[in-house]
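Please consider the following model with care.

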Amino acid sequence: MRLTSRSGKHGGSLELNMTPMIDCVFLLLIFFMTTASFVETERELNPAIKVQRASARAVGDFQPAVIDVVRGSGGRFVYRVGGREIQTQQELTQVLRQFDNKIQGAFVRVSDDAIFDLPAAAIQAAKDAGFPFVSYVPLDEK
Amino acid sequence: MKLSKKTNRGGNLQLNMTPMIDCVFLLLIFFMSCTQVSVINKSPLDPPEQKGTEDQSEATITINVDKDGDILITQGVYTLPEAAVLVKETIDEKQGNVELVNVVLRVDRQAKSGVVNDLIKALERLKITNVRFTTREPS
């Protein structure tokens, strides 16, 4: 099997024509440069989901942390924890940190009209406060 | 201003292409490795700005909810019952094992939670008890 080129054997210098390769590489480069889209890194919040039922409303022996994302007395959406209205995520985190019984988890009950930024902040606040389990509960307003 | 006088005096001009080809190849490899070929599951929307609890992991089904409350799955607009059927089909593909179905909800921060609540109720009816919400790291 002869692999060596004739030109090499006959004393002529072997020259590779690089032009087509460079053309292809430039084309590929331009293609990837123009089509590249740099996607922002995203993170995840992992709440369990629960649906409110009549039986679930009867609270047993334990009192888990319940955060309601509802319209407050002033008309704006607030976080309501045990009748107390909280305006900011930072304040909510501080309030939730004071709960002793974190193992029962926290429940974020969300009104239909609230923008999603608010329940996401409530879930984050509960996680930051040390609750291992956070449940998202659609608030039954009917 | 004298430009390239020396080379024109009989000597043949030879450009050294090696460094340029090196750079071009490096750029090519960079762009090839950075390019996400398939972003079809992700609709352009603005998730809540929260640090989240974990890094993004692979999803079996990604449900997007834009700020108008439209449900988007793989770039198509779905109604709630249609989305539920799609999730049911995904569960059936996994032989009914809901533990193997990772549902990720990408919800625009300005979207009304009513759509999310309806989705959650539909998922709960399909025995899915764990969903993950997508967030965007604060800049």
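Two residues are in contact if their C-beta atoms, placed from the backbone, lie within 7 Å. By this criterion, 44 residues of chain B are in contact with 38 residues of chain A. Helices (DSSP runs of H or I, at least four residues) and strands (DSSP runs of E, at least two) are numbered from the N terminus. On the side of chain B that touches chain A, helix H2 (18-34), S1, H4 and S6 of chain B each supply at least two residues. Sorted by class, this side has 19 nonpolar, 14 polar and eleven charged residues; here Ala, Val, Leu, Ile, Met, Phe, Trp, Tyr, Cys and Pro count as nonpolar, Asp, Glu, Lys and Arg as charged, and the others, Gly among them, as polar.

The model is predicted: local features need pLDDT of at least 70 and side-chain atom pairs count only at pLDDT 80 or more, while totals for chains, interfaces and linings use all residues. Residues are numbered from 1 along each chain as its sequence is written, and chains are lettered from A and ligands numbered from 1 in the order in which they are written.

Chain B has four helices and six strands, and along the sequence they follow the pattern α-α-β-β-β-β-α-β-α-β. Domain bounds, which come from an automatic or database domain assignment, divide chain B into domain 1 (5-34) and domain 2 (61-133). The centres of domain 1 of chain B and domain 2 of chain B, taken over C-alpha atoms, are separated by 52 Å. Among the contacts in chain B with a separation of 6 or more, 69% are between residues 24 or more positions apart.

How do the strands come together? Two strands pair if DSSP finds at least two bridges between them. Seven strands form an open sheet with mixed pairing, in the order S1(B)-S1(A)-S6(B)-S5(B)-S2(B)-S3(B)-S4(B). Its edge strands, each pairing on one side only, are strand S1 (54-55) and strand S4 (76-78) of chain B. Strand S1 (residues 42-45) of chain A runs antiparallel to strand S6 (residues 131-136) of chain B, and four bridges join them. One of the paired positions is A:Glu42, whose bridge partner in S6(B) is B:Arg136. Helix H4 (residues 113-125) of chain B packs on this sheet, where it touches strand S2 (61-65), strand S3 (71-73), strand S5 (103-107) and S6 of chain B. The direction of H4(B) makes about 170° with that of S5(B); axes are lines fitted to C-alpha atoms, for helices over the stretch in contact, and angles run from 0 to 180 degrees between N-to-C directions.

A second open sheet belongs to chain A: six strands in the order S2-S7-S6-S3-S4-S5, again with mixed pairing. Its edge strands are strand S2 (48-49) and S5 of chain A, each of which pairs on one side only. H4(B) packs on this sheet as well, touching S2, strand S6 (106-110) and strand S7 (134-138) of chain A, and its direction makes about 105° with that of S7(A).

Within the sheet of chain A, strand S3 (residues 65-71) and S4(A) run antiparallel and are joined by five bridges. These two strands form a hairpin with five residues between them, and A:Gly75 in the turn has a positive phi of about 95°. S4(A) also pairs with strand S5 (residues 84-86) of chain A in the antiparallel sense, over three bridges. Two residues lie between the strands of this hairpin, in which A:Gly82 takes a positive phi near 55°.

A residue is buried if 20 or more other C-beta atoms lie within 10 Å of its own, exposed if 12 or fewer, and partly exposed in between. Strand S4 (residues 77-81) of chain A is largely enclosed by the rest of the structure because four of its five residues are buried. In chain B, 25% of the 139 residues count as buried. B:Val116, which lies in helix H4 of chain B, counts as buried because it has 26 C-beta neighbours inside 10 Å. Apart from its neighbours within four places in sequence, B:Val116 is in contact with A:Phe116, B:Val65, B:Leu105 and B:Val107.

In soluble globular proteins, nonpolar side chains tend to be buried together. A nonpolar core is a set of buried Ala, Val, Leu, Ile, Met, Phe, Trp, Tyr and Cys residues joined through C-beta atoms within 7 Å. The largest one here has 50 residues, and those with the most contacts inside it are A:Ile67, A:Val108, A:Ala122, A:Ala126 and B:Leu105. Helix H5 (residues 117-128) of chain A gives the largest share of this core, seven residues.
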